Amino acid sequence: WASGKRGNLQLTDCQVRNCGGYGSIYASHGSYVFLRDVAQSGNLHGNGFMALHDGSYVDAQHCKFQGNLWAGIAVRWSGSGRIEDCEVSGNGAPGFQIRGSCSEAVKRSRCRSHDNRA
């Protein structure tokens, strides 16, 4: 969990499994999270990734977000980010839950979203 303007987190070429909470990987209050080749799965209590509050930013490339109770990736309350070449599947909510106020600030490209619940 990265929090605050100086809160930075970088995960590369790893797995994040069976972690609970609002998001298995979480950015809040202006923090920055960089994810590359991360396979996240199995948050039975929330989202795979969550960015919220005060311009928190996610940069996710070549990642997988699968099998979570809620969305694979959720961005709310002034969160933002760039999500490229990611797969979001088998989640209990829509693969991407990008709230309206954040929709312009989240750039997605070449992502695959399938087998998620609406």
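## Rings and strands: worked exercises

The charged end of Arg108 sits over the ring of Phe96, 4.5 Å from the ring's centre; the rule asks for NZ of Lys or CZ of Arg within 6 Å of the ring centre and within 35 degrees of the ring normal. Keep in mind that this is a predicted model, where local features need pLDDT of at least 70 and side-chain atom pairs 80 or more, while totals for chains, interfaces and linings use all residues. Residues are numbered from 1 along each chain, and side-chain values use heavy atoms, leaving out hydrogens and water.

**Exercise 1.** Work out how the rings of Tyr32 and Tyr57 are arranged.

*Solution.* 
- Start with the rule: rings of Phe, Tyr and Trp (its six-membered ring) pair if their centres lie within 6.5 Å; planes under 30 degrees apart are stacked, over 60 edge-to-face, the rest tilted.
- Now try Tyr22 and Tyr26: at 6.3 Å centre to centre and 50° between the planes, this pair is tilted.
- For Tyr32 and Tyr57, the centres are 5.7 Å apart and the planes at 5°, so this pair is stacked.
- Strands (E, at least two residues) are DSSP runs numbered from the N terminus.

**Exercise 2.** Find the order of the five strands in the open sheet.

*Solution.* 
- Two strands pair if DSSP finds at least two bridges between them.
- At the edges are E1 (2–3) and E11, each pairing on one side only.
- Zoom in on E8 and E11: they pair over three bridges, and Val75 stands opposite Ile98 in E11.

Key. Helix = DSSP H or I, 4+ residues; strand = E, 2+ residues; numbered from the N terminus.
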